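Okay, thanks for making time, everyone. I'd like to walk you through one model today, so let me put it on the screen.

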Amino acid sequence: MSEHTTPTNFIKQIVEEDMAENKYDEIVTRFPPEPNGYLHIGHAKSIVLNFELADEFGGRTNLRFDDTNPLKEDEEYVNSIKKDIEWLGYEWDSLRFASNYFDQMYDCAVHLIKKGLAYVDDLSQEEIRQYRGTLTEPGKESPYRDRSVEENLDLFARMKDGEFSDGEKVLRAKIDMSSPNINMRDPVLYRIAHATHHNTGDTWCIYPMYSFAHPLEDAIEGVTHSICTLEFQDQRPLYNWVVEQCDMEAQPKQIEFARLNMTDTVMSKRKLNWFVNENYVDGWDDPRMPTISGLRRRGYTPDSIKQFCREIGVAKVDNTVDVRMLEHFVREDLKLTAPRTMAVLRPLKVVITNYPEDEVEWLDADINPENEEMGKRQIPFSREIYIEQSDFMENPPKKYFRLYPGNEVRLKHAYFITCQDVIKDEDGNVVELHCTYDPETKSGTGFTGRKVKGTLHWVEASHAKDAEFRLYDSLTKDDQEGEDFMDKVNPESLEIVNGYVEPNMASVKPEDKFQFFRHGYFNVDPKHTTDEQIVFNRIVSLKSSFKL
RNA sequence: UGGGAUAUAGCCAAGUGGUAAGGCAACGGAUUUUGAUUCCGUGACCCGCAGGUUCGAAUCCUGCUAUCCCAGCCA
């Protein structure tokens, strides 16, 4: 499955040691999303880590939905999550839901009650908070803490049977109200929620909390290495307590790593949600979103995302990876696979005055000069073409080697042309250029008579196909002044321009990817492209050392 | 002021007592029918700071400092 070599990391080393000690027959990991949102690039880091770690040691990985909170979860998300993981190219060994284990979890809770390690508490939410103490002061024990096993058993059964309303009672672990670790101060194990669950419907009106459910899920599935993010470090003692006190056979090991942060990118569900709810973006799959579906629509390939995730490494330091690193990996992936073609995003008409009228010649062009196997294409050339507005300047600065009055440049795959006249409208805007060409300079003839500094891309006017180009920038900018994330929002994250592409682009399909000469890599937008109009998303521009 | 973590170049990140890998970015230069690609070259007199142990420390010890996480019936 994997040809790549992933750099080592501390988790891999732990697994290596465990394998060396024959601690497990097989390593088992899991990717445990809560179905309450779309997957993003940060999740991809976890997916790649979990799936490839297990794969590397011949183990397996489950996809397990952590659906213990029906108030927030929805079927829509489980479908999108499955789809995204499949698109990335991973196959889970087994598809599970935390809700599959509700019966066993209930039994475990009863088991704890019988051991005198759990009790039903009548304190209100507010009271529980007050009794918990603070970071520096210990908590106080609930007056209900010492109920008898029989009473707890009865009360818990009645909680399950729906005798109480939401918030009236909870089941708590009996651990230590004065623990310096707040998670150990009698954490809530079960709460009452009369809500319909996407999977179990109305079967249950009590639902387990993450800290109780998660270790049990891992143990039930025989997960050996339960990988999660740093903020769960304080929960590890509780995780171990649950596994041990519930007398679970398997003893999964929780290992925490630092989540991914990226420059100019928001990763929290809350903030991502804001963009969607405000209709600032075109849904969760808007090409500017760092979601898997957004990156996909933007044009990122599964390999580029996975390679990025492998190369950024896995450690415990809070990190912010430069988004340019992600961009680097798509460029690298598309370099050899994306066909080259020419597109003029902001057209300027050029008339080649000494070229015969009504003549059209078809020129040979490599589809990808870095990958000859891709073959050739034919492109038309005639008296009228379009070039890029930014490829002409009437009064150029030094080191500008594109077109300007009197200057000669090369038209890619065609001829040298020299700018003779500049046509302007009443307002003084340049609307057309008159140039002459030199027939001797035709590409492919081996002409070496003289050299030219610039090579321009172009599209023949009469055969040109209309296209829309969507140019993206990040939704937020880190260097923007302000405390609030709203201050970071980039008002210019989307620019739409209309121009032309080569005639053979008429047959493109959604998600086809191209390199537009001198512009960058583009993806055919699957949502907005119609029979009448192709919409291209700019995935990433080409690097450029040119500065005006 | 409690507990848990982390500190290696602008950003990631190897390094696990023997004298600082690699990638991204940046900057030079060569090649170039993409100001792209490719190719070559440039970075830590030093590993948060201060002491100590040792023939020898980023790696061990001590003490500081900074940053992140924890007081949901969220995950």
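So, first a convention: when I say helix or strand, I mean a DSSP run, H or I with at least four residues for helices and E with at least two for strands, numbered from the N terminus. With that in place, look at Ser 390, which sits in the loop between β15 (384-388) and β16 (408-411).

Two bits of housekeeping. This is a predicted model, with local features needing pLDDT of at least 70 and side-chain atom pairs counting only at pLDDT 80 or more, while totals for chains, interfaces and linings use all residues. Residues are numbered from 1 along each chain as its sequence is written, chains are lettered from A and ligands numbered from 1 in the order in which they are written, and side-chain values use heavy atoms, with hydrogens and water left out.

Back to Ser 390. Is it buried or exposed? Our cut-offs are under 20% relative accessible area for buried, over 50% for exposed and partly exposed in between, with a 1.4 Å probe and protein chains only. Leaving aside neighbours within four places in sequence, Ser 390 is in contact (heavy atoms within 4.5 Å) with Tyr 400 and Arg 402. Its C-alpha is also 8.0 Å from that of Arg 346, 44 residues apart along the chain.

Asp 358 has a positive phi of about 60 degrees although it is not a glycine; it lies between β12 (347-352) and β13 (361-366) and is exposed, at 82%. Arg 518 is not a glycine either, and has a positive phi of about 65 degrees. Its loop joins the stretch between β23 (513-516) and β24 (520-524), and at 33% Arg 518 is partly exposed.

Next, helix α6, residues 149-160. Its 12 residues reach 16 Å from first C-alpha to last, close to the 16 Å expected at 1.5 Å a residue; that expected span is 1.5 Å times one less than the number of residues. Which residues of α6 are buried? Asn 152, Leu 155, Phe 156 and Met 159. They share one side of α6, because they cover an arc of only 100 degrees around the axis, taking directions from the helix axis to the C-beta atoms. Covering them are, among others, α4 (102-114) and β4 (118-121). Just after α6, Gly 162 takes a positive phi of about 85 degrees.

On a 1 Å grid over the protein atoms alone, a cavity is a set of points where a 1.4 Å probe fits but cannot get out; a pocket is an open set with protein on both sides within 12 Å along at least five of seven lines, and lining residues have an atom within 4 Å of a point. Grid points are joined across faces, edges and corners, and volume is the space filled by probe spheres set on the points.

The largest pocket holds about 1,200 Å³, and 48 residues line it, including His 519 and Arg 538. α12 gives the largest share, 5 residues.
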